[in-house]
Amino acid sequence: MARKRRNSDSQLLQPVAGNGLLDRRLLLKSGMVFAGAVTTGVGGIATRAAAEPLAVDPWSKTIGATVPGYSTPSHFEAKVVKTLGDATRPGTQQGRTPHQDIDGIITPNGVHFVVARAGAPDIDPEKHQLLIHGMVKQPLTFSYNDLLRYPMETHVRFIECGGNSAPMWSKTPIQANIQALHGLLSCSEWTGIRLSTLLDEAGIDPKATWMIAEGADGVTMNRSVPVAKAMDDAMIVFYQNGERIMPWNGYPMRLFLPGYEGNMNVKWLRRIKVTAEPTMTKDETSKYSDLQPNGRAKLFTFPMEVKSVITSPSGMQSMREPGLYQISGIAWSGFGRVRRVEISADGGKTFAEAALDGPVLPKALTRFRMPWRWDGSPSVLMSRAVDETGAVQPTRAALMTSRGAQFRYHYNAIQSWNVAQGGAVSNVYV
Ligand SMILES: Nc1nc2c(c(=O)[nH]1)N[C@H]1C(S)=C(S)[C@@H](COP(=O)(O)O)O[C@H]1N2
Ligand SMILES: [Mo]
């Protein structure tokens, strides 16, 4: 019995693809791998204990900090913050999520990315109202407290700006970390009511096919939304990871359109007008529409396409000595669930399937992991996601050919990280 198990264990230690990728099932049996590494003295991670007993540190000799009313992370984590656009410049403010420093699939509220055209309005929920009008039998207004009485649902869903990863359209690879390159993406547990409940109550005209959603911020940002989406899984949300939505993310309420381009998820929602046609507003015409090779604009890219990126190791990080590592990252698709993620450590010559942290949720980030024995030589790491519709994340070359170099939004190609001799990780085009 034992012998048999050892045989299959050592089979698991055989690489499953080029340049040291190991079987993902090892992640469930990692104790065995590390035990092997310690006894053979090669490639282990921990340091052999030198002295006994363990030293008593100063923090163990005194009473610790008092409990605050609202906790914040350790001051040792003070560098884990959003990186901000230039706030002294008028116009759109941005804050990007530090994906290199967080794990799992939920983005903590304090580092959820932000795109705000006129800052965060200071809305008093007692005074805020939502109006539904246009092609409906009976226009309705709802107070905040009215809305909180409707039946609610909770879903874990990502939101990604159509301009996320835009630096990757650059002809030469920009050297920056994943936060700068792919930080306009976050994932939360959102709680709210179905938009269809309110539209049904107002009596939506069967001939209506569009609506326009408008925010209460200084630019009253607005976007056209197909009624089909509004009646499907669209929500008006009030809670983000269990607490009231952050002011920058739409307090006290926002429209949430799972899987759809970030911009359509109108924050500080104040008005929905049901219409017969799209309104062609500034933010859906001057922005978020891509110029095609034939010179015509591609209007309305709604669901965000299948995508993934390795967060560890990632750009500007540094690997230390050769040995065992866990490659980890996030995958998502606006069309549904991630079906699988494949990893390459040899620049795309060979791929092997990564383990997915479960449960895999639709239109949510999915965390993937892969064991890798790095031999210290230059390596190119890639992740390639496939979603439940069978759509495969394209290579950069394929994306550039199919979309053309004039695209400015909706970049979803495979991200390659170069690991140099010595361990420095950088952005590379393959
Ligand atoms: N009212 C309003 N809604 C808005 C915006 C805005 O500036 N005003 N920015 C949009 C853009 S461009 C994006 S990508 C998402 C970002 O949502 P977040 O800031 O909560 O991450 O909100 C969208 N909703
Ligand atoms: Mo956006």
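Me: What is the bridge partner of W210 in β13?
Reply: T275 is the partner. This is a predicted model, where local features need pLDDT of at least 70, side-chain atom pairs count only at pLDDT 80 or more, and totals for chains, interfaces and linings use all residues. Residues are numbered from 1 along each chain as its sequence is written.

Me: How do β8 and β13 pair?
Reply: Antiparallel, over six bridges, with β8 at residues 210-215 and β13 at 269-275. Strands here are DSSP runs (E, at least two residues), numbered from the N terminus. Two of them pair if DSSP finds at least two bridges between them.

Me: What order do the strands of the open sheet take?
Reply: The order is β5-β4-β13-β8-β9, five strands with mixed pairing. β5 (140-143) and β9 (222-226) each have a single partner strand, so one side of each is left without a neighbour in the sheet.

Me: New topic. How many cavities of 30 Å³ or more are there?
Reply: Three. A cavity is a set of points on a 1 Å grid over the protein atoms alone where a 1.4 Å probe fits but cannot get out; lining residues have an atom within 4 Å of a point. Volume is the space filled by probe spheres set on the points, which are joined across faces, edges and corners.

Me: What lines the largest cavity?
Reply: 19 residues, with V115, R254, G262, N265 and K267 nearest its centre. The largest cavity holds about 240 Å³. Strand β3 (114-116) gives the most to this lining, three residues.

Me: And how much space is in the second largest cavity?
Reply: About 60 Å³. Its lining includes E160, R403 and H410.

Note on methods. Chains are lettered from A and ligands numbered from 1 in the order in which they are written. Side-chain values use heavy atoms; hydrogens and water are left out. Helices (H or I, at least four residues) and strands (E, at least two) are DSSP runs, numbered from the N terminus. On a 1 Å grid over the protein atoms alone, a cavity is a set of points where a 1.4 Å probe fits but cannot get out, and a pocket is an open set with protein on both sides within 12 Å along at least five of seven lines; lining residues have an atom within 4 Å of a point.
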